[in-house]
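Dear colleague,

Please find the structure below, handed over for your files. My notes on its salt bridges follow.

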Amino acid sequence: MGHSATGGHNYINHEKGLWSWLSTLDHKRIGLMYLFSVLTFFLMGGFFATLLRIEHLTGGQTIMDANTYNRVFTYHGAVMVFLVIIPAIPGALGNFVLPMMLGAKDVAFPRLNLASYYIFMAGAAIALSALLFRGADSGWTFYTPYSTSTNTTVILFVLGAFVAGFASILTGLNFIITVHKLRAEGLTWSRLPLFIWAVYATSIVQVLATPVLAITLLLLIFERVAQIGIFDPALGGDAVLFQHFFWFYSHPAVYIMILPAMGVISELIPVFSRKPIFGYKAIALSSFGIALVAFVVWGHHMFVSGQSEFANFLFSIITMLVAVPTGVKVFSWIGTMYKGAIRFNAPMLYAFGFLEMFTIGGLTGVFCATLAVDVHITDTYFVVAHFHYVMVGGAIMALLGGIHYWFPKMTGRMYSEASAKIAFWLVLVGFNLTFFPQFIVGSQGMPRRYWSYLPEFTRLNQMSTVGSWVLALGLVWTAVYLWRDMRKGKPAGDNPWEAQTLEWQSPSPPPHDNFIKVPVVTDWPYEYRS
Amino acid sequence: MGFILKFLTNSAYAFNGHLPIQATEVAKSWDDLWWFLVWLSVFFFILCVGGMIYFALKYKGKPGVKPTYITGNVPIEIVWTAVPFVLLMAIFVWGWVVYVDMTRPPTDAYEIRVVGKQWLWQFQYDDGRTTVNELYVPVNKPVKLTMTSTDVLHSFFVPNFRVKSDVVPGMFTNVWFEATVPGKHQVFCTEYCGTSHSLMLAKVIALNPQDWEAWKAGKKIPDQPNADPVQDQQIAKDVKPATSVVSTR
Amino acid sequence: MSDAHHGHVVEHPGSKPHVVAHHFNDADHEFDASKQGMWVFMVTEVLMLGGLFVAYAIFRGLYPEMFKAAHAYLSVKMGATNTVVLLTSSLTMAMAVSATQRGERNKALGLLAATVALAGVFLVVKYFEYSHKIHSGLLPGGLFGTEQNAELIKNFPKAPLFFSLYFMMTGIHGLHVVIGMGLILWIMKRTSAKEFGPHFYTPVELVGFYWHFVDLVWIYLFPLLYLVG
């Protein structure tokens, strides 16, 4: 792993010992700590999911009673949303890659960055401590009045999410200033890699939306502690008001989850097609289009909540708009492959998987946005399948693609392509087998958050459960071989993918200060003509 | 396709694709929109993912083959922005029109009050009578349900009718339907409400005029069958009865 | 190759030198970035408190008469006093920042101390307001003293909602005042350790900025809560 120009010094051996990692200001080390934490929480959330699917092997009680089931689906959702998908790509990949892609030595506020990581972990600890008491059974969406009246440990759980939210805000803040102030010489806005555009748009959403979640959760806590009455009809409040507050954040939140993922895909496809991205400007702008529209569609989660016909009209028509920039991206990515010279390494396989899954997820989003259709499918497994296709099929596939892509840069070693191919096919097949049947069973009427189900839904549920085992196998195998190859993989060169973004102009693994010589940028990062 | 769907879905709904039976006129309009969206999605899926697979195989990197330097194509980009936009607006309009049909009750609808509470459904009729977990309605007459909850959020969902609305404490919400198929139609609570959320089941029992008059007069009426007879047969054939809690059949 | 985050150093006679973080080009670059970061942070605070203002607007729209009746139980005198106190503290804070920029360390320390003292006065007035309400049972929903305020409840059964909003909004604001006091004390400690001067005063400016924001929020809270109708 030695590199002649740095004398074998890199950010990993720069300082040794656990304390040097826990007190590091180095964005690369912080990124790795996020990666390690997020993947641990992912396995935890996946464990809860596996339990849920085993319970669904039969329509009656299989391995747990209803109260346990209700807790497990709450944990699954909350862990996956707050501790995995929201922090994952910005916190893990963004932290490691963004400063290097900008030609910077670090993020704008390294101490704030480290603090953000600890705030995130503190939030996780607080939320998970609820499991030591009566747990939480409100669903990750905490709808009132159930969440304010159930006698489980909702307060701790919600407090954890509240705290973790600040990590999201501060990371977004850090990235915004970094992109504004720390770009290398020659790196103009029109030469920014699309991953940066995506993370930048995400950061703006994080900064604007997450504070609203903070106040919502705080109101929820005070409702439980002091019965402030804001969400309690008996005290003059409004039960549906909570949903407005909640979704005002949580809808933009799903774009916090998917925009960075789209940014990763926008990097992978050009590199592995040896061609520039098709429609650079459109893709960059569409990230902002999506971020903007994200703030005015929250009511599409509430079409049957009792809100007015007029509200439903507005939210439905505006939601339709979001599909336009999204479609532009999908068509542009596929267009990038046209007349390329495609390499089938693992990152590209995950990009293919993303395209298959995100296309289905996106198309089924149109079903949900269509008012009449949503009346029947909302709160059924159709919606569950839709959001898993975009969140897992989208965000997680992009995360896996990005991890494999930047693996050599982070570790100085290559992962095993053979191992990765096996894992990819297990994940692809397993995922589709798990979630596609849920579209069918949902449109047949099976509601979500159901511990038990009627006999006619049995066969498809069993199919879905078997799929979840295949998916789990693929993901666990990924964790195993990545852990192995991190320490024992073949040494990788500085730029094994022949990519053009700035991080590849540095050794693998990079030195502490990121670059031996800070690059000066003279062109955009998709110049594949030479 | 039909065979695959039959296999996948216990063939309970085979004659209607995989959807629940059409027990109202509105369900038919709904199903038309649904199938349009399904086929449109299949088309775009084949276009995108098929295109992706085709490009991946056709443009597989081979030694000596150079990729072509293309950065974009404005006419194509305009087309694939404008065409989806137009399609989506058309879908919105169609969805809105059907939605209005689904949710605006006719003025002469027969009103029944519904109270959802953890974990049962109570129905109150205009003559003061109440039933629990069984909603009796006449076929071929519009019925409007005015609903509220006395505790947490619930949601009243009848898949056969394509009808759903949340049931909210502190306010009234409503749904309406005109049942065209007599028999028992499944009702689910579909807004999470705690321990027995998945057991908060009910039935809409749509009665022929004769049975409806008899029931209203307080007389005994014959046992009503499942509105979807194929479903009962298939379940009897296919699935062992649940040994624990579940069914209200 | 240096293994410390060493960048430029800016100096001023009589003060400790300031080391610019290694990823910035120079002190100005660092100062610009820090200021921009503080602005973004203030935006997030606006959005968070904005949620409460939205809740206020919704319920005031629903129960305008109740709001009018309930607000009469607040002391306009105390609220006005606190407004003047905070405005003055913003003045002393701004003057403290200027003094630091000019290198007048003792003057800065005095003005910072005055700011903290005024913040303390604010909190003392708040203490009297709160204890009066607790005493009278004018508390959020679950804790509201119904018998003590039978007349109010009879005419306006939803009145506890007003007090829920009152306590949440002034409480969260008060928490920010306490945090601000802590920040100012920290700045005072660093000032007396000779860290600031014309060469480096970023933390002072940023804390000043925070303090002005806390004041501004109160300027909105006061009329909305105390001067309704």
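Arg190(C) is buried, at a relative accessible area of 16%, where buried means under 20% relative accessible area, exposed over 50% and partly exposed in between (1.4 Å probe, protein chains only). Its partner in a salt bridge is Glu195(C), with 2.9 Å between the closest N and O atoms; a salt bridge here is a side-chain nitrogen of Lys or Arg within 4 Å of a carboxyl oxygen of Asp or Glu. Glu195(C) is partly exposed, with a relative accessible area of 22%.

In chain B, Asp126(B), Asp127(B) and Lys216(B) are joined into one network by salt bridges that share partners.

This is a predicted model, in which local features need pLDDT of at least 70 and side-chain atom pairs count only at pLDDT 80 or more, while totals for chains, interfaces and linings use all residues. Residues are numbered from 1 along each chain as its sequence is written, chains are lettered from A and ligands numbered from 1 in the order in which they are written, and side-chain values use heavy atoms, with hydrogens and water left out.

Back in chain C, Glu129(C) and Lys126(C) form a salt bridge at 3.2 Å, N to O. Both residues are buried. They lie 3 residues apart in helix α4 (residues 105-136) of chain C, and so are separated by about one helical turn; helices (H or I, at least four residues) are DSSP runs, numbered from the N terminus.

Lys107(C) and Glu104(C) also form a salt bridge, with the closest N and O atoms 3.8 Å apart. Lys107(C) is partly exposed at 45% relative accessibility, and Glu104(C) is partly exposed at 31%.

Over all chains, the count comes to 15 salt bridges.

Regards

Technical notes:
Helices (H or I, at least four residues) and strands (E, at least two) are DSSP runs, numbered from the N terminus.
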